[in-house]
Amino acid sequence: MAELDRLEAFPDEACAVLDAAGLGAHYVDARHGGRLHDHVELVQLLRTVARRDLTVAVAHGKTFLGSAPVWIAGSAEQAARLATAVRRGAVVSWALTERDHGSDLLAGELTARRENGQWRLDGEKWLINNASRGHLLCVLARTGDEGGPRGFSLFLVDKSQLEPGSYRHLPKVRTHGIRGADISGIAFDGARVPHAALVGDVGTGVEIVLKALQLTRTVSTALSLGALDHGLRIAADYAVDRNLYGRRLAELPRVRRILGQASAALVVAEAVTVVAARSIHALTPEMAVISAVAKGLVPGLVQDTLERLAELLGVRSFLSESYEDGAFAKLERDHRIVAIFDGSTAVNRSLLVDHFPALARGLRRGRADLDGVAAAMPGGPVPAFDPARLRLLSTGGCSPVQSLTGAVGRLGTAADQGLLPADTLAMAWDLAAVTDGVHAAMESQERTPRDVPQSAFELAAQYELCFAGAALVHLWLDGARTPHDALWLRAGLAVVLTGLGLHVDESRATAYDRLADRLLGSAGHEPPSLLATDDRGAVL
């Protein structure tokens with residue numbers, strides 16, 4: 001993989017291994033004969049690939065992104081055909097962006113016009129993952145001359161059915177990370193596709209895209225989890241093997257603190273991702289908020305953490321060959337693209353800003369789908385996903401956050417029973433108080449549709465952390481944890497409260513050091529995971 005990266009060559013062999021293993025079947029919704037029953041399982045599968053190599057995860061996982069609009073809005077026949085193709089190894093791409101318009105989808109110029117019972121495609125899509133290698137593309141095209149929210153439609157284009165000369169691939173674009181991936185583009189010149197290629201109704205393209213993004217943004221956080229798994233293991237191995245001034249690096253308090261904070265950040269990122277992925281099934285109408293939170297928080301938190309691990313590794317974090325075949329330098333480069341995929345951090349925070357009134361109103365009224373929150377926890381069977389329940393706006397707000405105060409009250413009961421340290425409970429009450437303050441600030445936030453102040457984006461970032469803290473609390477309660485397993489909750493809350501600007505004193509910060517001890521004492525320096533426990537129920 002290191003050599004392929006240096007050559008900027010596509011990882012064909014690795015992708016073929018994943019095809020042979022049947023990973024593609026997990027990109028296909030179970031309603032259409034695939035193995036996608038649980039989006040948490042899909043996250044864990046892509047995370048497993050990403051912890052080995054992010055380029056491979058991006059290249060192979062793109063098929064899920066390209067297929068998602070069809071699982072949401074395609075006809076039964078269309079979905080069945082696509083499902084068969086994907087299970088057989090077809091590569092599906094998602095052609096949304098254009099050279100001059102970026103994430104401004106309503107400015108797209110590629111057109112689809114009716115012509116003799118067919119649709120004629122003209123124009124370019126650019127910076128498209130697998131545009132050249134893909135067999136099928138889900139293309140967003142302007143079907144109304146005036147554009148606008150109802151002026152675009154989606155088409156599932158099979159390149160093998162296009163007339164020769166009606167399309168051409170644009171050159172591969174060289175990138176800082178994921179160097180071997182097929183980041184290129186495609187140009188159509190009078191390419192005719194049958195009416196059956198239309199996904200959903202005419203004019204619903206943007207709506208379908210926005211709903212599909214609620215799934216893909218959530219699942220893409222798997223790339224970040226895998227990257228931090230990999231980076232944390234490299235750093236722990238180095239700390240144990242490296243001697244400095246007569247001591248192992250792992251024995252130095254500063255080094256143990258960095259490893260512990262990185263472990264805690266991984267716990268927080270995983271908590272957000274798990275709750276978000278389960279919410280696809282359990283809190284489907286709220287995914288406009290939850291997916292934006294997950295995509296806004298997780299890649300940034302992981303990138304910041306990788307940078308702290310780079311500080312520990314020193315010059316070895318920059319070496320591209322002589323240390324671990326440059327694995328850390330590669331993953332750090334590769335991961336930077338994750339924050340941009342499927343809407344940048346700024347785009348996702350802008351979506352949260354649009355929800356400020358609903359979020360503030362929901363908390364003030366105590367509105368929360370408690371059954372949905374319970375189903376969003378991994379302790380029970382996952383509800384079947386119903387795409388018809390997806391909404392462009394979550395009018396009810398966000399139940400995991402809006403039920404936080406009640407959840408912290410349940411923590412109080414656990415503390416009374418000796419299951420939770422009193423100071424960890426105090427941290428949770430601190431979180432609840434800050435969360436109330438964030439909602440009060442959102443309610444008074446002034447903005448216009450074309451002028452969103454920086455303070456609104458800062459509030460959105462704070463809200464992401466409130467969600468992360470709420471996810472930690474709900475997950476701990478769902479697991480009916482024992483006293484020795486409150487460590488990850490304490491360490492995760494320390495990360496959240498620090499991010500929210502609260503001082504975390506040394507007595508609370510020692511949770512980081514204890515997490516570092518677990519990491520360094522585990523076989524193979526296995527990173528912590530809320531989804532893996534030992535025989536006592538302690539998080540590994």
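A: Leu-210, Leu-392 and Leu-393 make a nonpolar surface patch of about 250 Å². Patch members have over 30% relative accessible area and no salt bridge; like charges are joined within 9 Å, and nonpolar side chains (Val, Leu, Ile, Met, Phe, Trp, Tyr) within 5 Å. Accessible areas come from the Shrake-Rupley method with a 1.4 Å probe, and for residues only the protein chains shown count as cover. Before going on, please note that this is a predicted model, where local features need pLDDT of at least 70 and side-chain atom pairs count only at pLDDT 80 or more, while totals for chains, interfaces and linings use all residues. Residues are numbered from 1 along each chain as its sequence is written, and side-chain values use heavy atoms, with hydrogens and water left out.

Helices (H or I, at least four residues) and strands (E, at least two) are DSSP runs, numbered from the N terminus. With a relative accessible area of 41%, Leu-392 is partly exposed, a class that falls between buried (under 20%) and exposed (over 50%), using a 1.4 Å probe and protein chains only.

Now to the open spaces. The largest pocket holds about 1,600 Å³ of space. It is lined by 47 residues, and the closest to its centre are Ser-103, Leu-105, Arg-217, Gly-343 and Val-347. On a 1 Å grid over the protein atoms alone, a pocket is an open set of points with protein on both sides within 12 Å along at least five of seven lines, a cavity is a set where a 1.4 Å probe fits but cannot get out, and lining residues have an atom within 4 Å of a point. Grid points are joined across faces, edges and corners, and a volume is the space filled by probe spheres set on them. Strand E3 (118–129) and the helices H6 (205–241), H8 (287–313) and H10 (345–354) each give at least two residues to the lining of the largest pocket, and H6 has the largest share with 6 residues. By class, this lining has 22 nonpolar, 14 polar and 11 charged residues; Ala, Val, Leu, Ile, Met, Phe, Trp, Tyr, Cys and Pro count as nonpolar, Asp, Glu, Lys and Arg as charged, and the others, Gly among them, as polar.

The second largest pocket has a volume of about 410 Å³. Of its 17 lining residues, Leu-301, Asp-304, Leu-465, Val-495 and Gly-499 are the closest to its centre. Two or more lining residues come from each of H7 (253–282), H8, H10, H16 (454–478) and H17 (487–499). Here H8 has the largest share, 6 residues, and the lining divides into 7 nonpolar, 6 polar and 4 charged residues.

The largest cavity has a volume of about 130 Å³, and its lining includes Leu-46, Lys-62, Val-219 and Phe-341. Helix H4 (54–73) and H6 each give two or more residues to that lining, with H4 giving the most, 5 residues. The lining of the largest cavity has 7 nonpolar, 3 polar and 1 charged residues.

The whole structure has 34 salt bridges, each a side-chain nitrogen of Lys or Arg within 4 Å of a carboxyl oxygen of Asp or Glu. In one of them, the side chains of Arg-174 and Glu-8 meet at 2.8 Å, N to O. Arg-174 is in the loop between strand E6 (167–170) and strand E7 (183–194) and Glu-8 in the loop between helix H1 (2–7) and helix H2 (12–21), so this pair ties together parts 166 residues apart in sequence. Arg-174 is exposed at 68% relative accessibility, whereas Glu-8 is partly exposed at 22%.

Another salt bridge joins Glu-115 and Arg-192 at 2.4 Å, N to O. Because Glu-115 lies in strand E2 (residues 111–115) and Arg-192 in E7, the pair ties together parts 77 residues apart in sequence. Both partners are partly exposed, Glu-115 at 25% and Arg-192 at 28%.

A further salt bridge links Arg-364 and Glu-443, whose closest N and O atoms are 2.1 Å apart. Arg-364 belongs to helix H11 (residues 356–364) and Glu-443 to helix H15 (residues 422–443), distant parts of the chain 79 residues apart. Elsewhere, salt bridges that share partners join Arg-47, Arg-51, Asp-229, Arg-233, Glu-270 and Glu-526 into one network.
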